[in-house]
Amino acid sequence: MSQIKRLDASLTKHLDHRKSRDIFRSLTLVPPGMADFSSNAYLSLSAQPSVKAAFLVHLQDAAHANTPSLLGSGGSRLLDGNSARAESLEQTLAAFHNAPAALLFNSAMDANVGLFSCVPQPDDAILYDELVHASIHDGMRLSRAGRKIPFAHNTVWSTKGTVQHGSSVDGEPRSLEAILVGLLNGPGGHLFSSGDSNVFVAVEGVYSMDGDAGSLREVTACVERWLPKGNGFVIVDEAHSVGVFGERGQGLVCELSLEDRVWARVLGFGKAMGCSGGLILCSEVTRSYLINYARTLIYTTAMALPSLISIEVAYEFIMNGGAEPLVRHLRDLVRQTHRLLLAVCERQKPPSHLLRISSVEPKSSIIPAFTDHPRSLAIHCQKNGFMVRPIVAPTVHKGTERIRLCVHAANTAEEVVGIVAAIEEWLVTQMN
């Protein structure tokens, strides 16, 4: 057997193992005509005629001007890939989001990996919400930070009398406060107390699988209380909150007026903004540091002109107030969807392993419908013309499998009624 065949045989065993656990992944195409309850394009900007027209005008202008980098940038930004257009866009976005500076990356994934891999130093610590995105985990794996500790999801303060040392109880993550106290009182704690070592705290504006908003006010208050020397630095991933939170989509940090208390923000343009790319909002010094040390910026071809133009036109639309009626419509649809799902549960009273819906009103466009049979439910919805996807372990913790309903501004009230009816039809079939 050749070495290639040996390797293929080994890889096939790994794939077969995934298939046996029902977690095998494959690429699929969305059939035409499906109602979208799956993608992250919450504002449906690609369906806006004015956005499409503006994109084509800018692109045609660049083509008529014989722009040499029309199809590609020609290299990394440190070589030949930088442009006045990219720098101007960064300045515009920094001003819009109330930040001192901004730095573009090819994706939010690259931005997170670049940031977390190069900024924390060996004597520093990274504390992170247990549900942060995979890109933050990848950045932490490359980081030189001496300690990387999860805290329980959206759990900031310890209940009275329970602030103890250590990062977990019985293997379960503890509160952010408990971990901070453990750092201060544990080995090397004097370095954190004196401000000689830094603590980076990673959270999200909106968590992509559960759709809940991060407790940003509480996080910043906790960090400032226990690290009064100012060596606690909060990083907020706003990939799923930009465009739909804050005035004209500035994001959750701006909505809560926390710009001066959050050290860095990572934005992703592939969700509500409807295009691609990522951005870090930070200080001028941090921007310069990332240009010198972030490998995901240094060693990759810079964003192409069409990508820059798509970001420009998306931001022009929301900055001019074009998205405000879309956001209002979206919130109405989310409330309607949630009410209808709760009504199904009230009528059918399903066992929790078949269907459970949180009674808490959604803060975002994401509504998880928990079920132990997400593939079966997703297939049934798809057969009825509604695109939803099953979300299974390891993307989410085992026992929290679900279909992930993403409501969009382009969805209609009729589509919302239709997908909830399909869910109820599947449920009745399962219960009989």
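How do α6 and α8 run relative to each other, roughly parallel or oblique?

1. **Basis of the note.** This is a predicted model, where local features need pLDDT of at least 70, side-chain atom pairs count only at pLDDT 80 or more, and totals for chains, interfaces and linings use all residues. Residues are numbered from 1 along each chain as its sequence is written, and side-chain values use heavy atoms, with hydrogens and water left out.

2. **α6 against α8.** Helix α6 spans residues 176-185 and helix α8 spans residues 216-226. Helices here are DSSP runs (H or I, at least four residues), strands likewise (E, at least two), numbered from the N terminus. The two axes come within 10 Å and cross at roughly 20°. Axes are lines fitted to C-alpha atoms, for helices over the stretch in contact; angles run from 0 to 180 degrees between N-to-C directions. α6 and α8 are therefore roughly parallel to each other. Angles under 35 degrees count as roughly parallel, over 145 as roughly antiparallel, 65 to 115 as roughly perpendicular and the rest as oblique. The crossing is right-handed.

3. **Who touches whom in that pair.** From α6 come L176, E177, L180, V181 and L184. They meet V219, C222, V223, R225 and W226 of α8. Contact means heavy atoms within 4.5 Å. By class, this contact has eight nonpolar, no polar and two charged residues.

4. **α2 against α12.** The axes of α2 and helix α12 (residues 305-319) come within 9 Å and cross at roughly 140°. That makes α2 oblique to α12. This crossing is right-handed.

5. **Who touches whom here.** S50, V51, A54, F55, H58, L59 and A62 are the α2 residues. Facing them in α12 are L305, P306, I309, S310, V313, E316 and F317. The class count is 10 nonpolar, three polar and one charged.

6. **Positive phi at S44.** S44 is not a glycine, yet its phi is positive, about 55°. The residue sits in the loop between β1 (35-36) and α2 (49-64). At 9% relative accessibility, S44 counts as buried (under 20% relative accessible area; exposed is over 50%, partly exposed in between; 1.4 Å probe, protein chains only).

7. **Positive phi at K349.** K349 also is not a glycine and has a positive phi, about 45°. Look for K349 in the loop between α13 (324-348) and β11 (366-370). At 56% relative accessibility, K349 counts as exposed.

8. **A cis peptide bond.** The bond from A393 to P394 is cis, with omega near 10°. P394 is in the loop between β13 (389-391) and β14 (402-406).

Methods
Left-handed = near helix turned anticlockwise from the far one by under 90°. Nonpolar A, V, L, I, M, F, W, Y, C, P; charged D, E, K, R; others polar.
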